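Dear colleague,

I am passing this structure on to you, and below it you will find my notes on what turned up when I went through it. Please read them with the model open beside you.

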Amino acid sequence: MAAVRTFAAVLSVFVVVSVAISARIHRAQPAPYMDEIFHVPQAQKYCQGKFTEWDPMITTLPGLYLASVGLLKPAVLVAGVEVGVACSTLLLRATNILFAVGNVYLLWALLRKIHGENSDPLLQCLNAVTLSSLPVLYFFSFLYYTDPGATFFTLFMYLLCCHDNHVLAAAMGFMAVMFRQTNVVWLVFCAGVTAVNLVERKHPPKRDPNVLAALSDGVRTVLRYLATVSHFAKVTLAVLPYAVQVTAFGVFVYANGGIVVGDRTSHQACLNFPQLFYFLCFSFLFSSPHVLSPSQVSQFLKCDRKKAGLLLLLLALSYVLVDRFTYVHPYLLADNRHFTFYVWQRLFQRHWAVKFALLPAYLYCGWSVFHQLGETRSPLWQLVFFVCVLVATVPQKLLEFRYFIVPYLLYRVHVRVTCYYRLLAELILYTAVNAVTLYLFVAKPFLWPDSSEQQHFMW
């Protein structure tokens, strides 16, 4: 009960702050902006009951608009307001505030499930609010984008998966895919970790400092477990709800002729392997208060001959992947409203050798992230996660930090946090980045030479 009261108090502060920021954002940009120029009119058509009309420029499924209608249309009936008012840009954006609040609860529930309900209640509450304030996710909670809702249903799916409620988890996965098609990867992730959990409950993994040996042992254990008919049937039955959803999605992709609906010209898949490295750097940066310490740096630098050989092999592989598989989307070079434009221009385009000079940093970030996961998750679980991150990020040609939100949160909720100082440092980091981002959006609009409309800096 004390934990619930603490959570309610912390959540109330989050809601008040978020509503105030939302009102300020709306005053600065009351009209639909960026992708909102497609999303808002489409949602308003749905509010008017025009479900057969579709903007061909929209590339995602209609989950966002259906959710908005479900949340806002009752206001028309209860309050007697006009449809145009109930589905205004302001109230459509407000639905994402509701999803943001829901994400706080889901993260809190996940942290309690993963790390134990008897852990420090205030620490878990602050942890949940901190993760909900992840700058990229938090910023888009104030605009009418798919990210808060897509994150909400993916986290809901994983929470239900952790509680072994796989039928409802798969249903939440369906909703996550309706917001963003690439979330089908996290249905596969839930199926994978479900299978791993079933095996490891019967055969707990041994702690082994040699990760490759532990992984090899884990794979052999899984194969032996599945060789028993009753165990194979048990795993099959558990993962079946996810398999049904993934199969249905495969049928959709076949019938649709691709994963993207609407305009496909700017969303063509490719093998952009450096996306994995960008994700690892993103994860390291935003979890740095927990993963950056002299002891961890020292541990990484302590190399025996076998570890040095592995690092050299990974370095050589990374060089080939960066050299042969780096793709640059035209949007990245052309749209100066996004922070990624400046990251690319002022870092990667300064000199051709920069992308290779960063290879040691990529390796350290990757080691650091998976070293943290190794504190709470088995090598087999990490393998499932790594493969899903690979599939979720590599096919994306555009460097877009929004694509990293879900995999980052799934990584971060498994990081064991016991120190208030590190958690407060993380919250201060997020708050500072959010403050700068919101300040630039609100106070530093600018004009393009060929347009009279104000433009804003954003993620």
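For the notes on linings, Ala, Val, Leu, Ile, Met, Phe, Trp, Tyr, Cys and Pro count as nonpolar, Asp, Glu, Lys and Arg as charged, and the others, Gly among them, as polar. This is a predicted model, in which local features need pLDDT of at least 70 and side-chain atom pairs count only at pLDDT 80 or more, while totals for chains, interfaces and linings use all residues. Residues are numbered from 1 along each chain as its sequence is written, and side-chain values use heavy atoms, with hydrogens and water left out.

Pockets and cavities come from a 1 Å grid over the protein atoms alone: a cavity is a set of points where a 1.4 Å probe fits but cannot get out, a pocket is an open set with protein on both sides within 12 Å along at least five of seven lines, and lining residues have an atom within 4 Å of a point. Grid points are joined across faces, edges and corners, and a volume is the space filled by probe spheres set on the points. Helices (H or I, at least four residues) and strands (E, at least two) are DSSP runs numbered from the N terminus.

The second largest pocket holds about 1300 Å³ of space. Its lining comprises 48 residues, and those closest to the centre are Asp-35, Thr-59, His-267, Arg-402 and Tyr-403. Two or more lining residues come from each of helix H2 (36–47), helix H17 (330–334), helix H21 (379–393) and strand E2 (454–455). By class, the lining of the second largest pocket has 23 nonpolar, 16 polar and nine charged residues.

There are also two cavities of 30 Å³ or more. The largest cavity, with a volume of about 130 Å³, is lined by 14 residues, and Arg-180, Thr-182, Asn-183, Trp-186 and Tyr-403 lie nearest its centre. Helix H8 (147–162) and helix H22 (405–412) each give at least two residues to that lining, which divides into seven nonpolar, four polar and three charged. The second largest cavity has about 40 Å³, and among its lining residues are Pro-274, Trp-344 and Lys-355.

Which cysteines are joined by a disulfide, that is, a pair of cysteine sulfur atoms within 2.5 Å? The whole structure has one disulfide, and it joins Cys-47 to Cys-87, with 1.8 Å from S to S. Because Cys-47 lies in helix H2 and Cys-87 in the loop between helix H4 (83–86) and helix H5 (89–115), the pair ties together parts that are 40 residues apart in sequence. Taking buried as under 20% relative accessible area, exposed as over 50% and partly exposed as in between (1.4 Å probe, protein chains only), Cys-47 is buried at 1% and Cys-87 is buried at 2%. The sulfur of Cys-281 has its closest cysteine sulfur in Cys-365, but the 4.1 Å separating them is too far for a bond. Cys-281 is partly exposed at 24%, whereas Cys-365 is buried at 6%.

Finally, His-338 sits in the loop between H17 and helix H18 (339–348) and counts as buried, at 14% relative accessibility. Setting aside neighbours within four places in sequence, His-338 is in contact (heavy atoms within 4.5 Å) with Met-34, Met-458 and Trp-459. The side chain of His-338 also reaches the backbone oxygen of Trp-459 at 3.4 Å.

With best regards

How values were computed: Polar contact = N/O pair within 3.5 Å; in protein donor to acceptor, adjacent residues only side chain to side chain. Disulfide = S-S within 2.5 Å.
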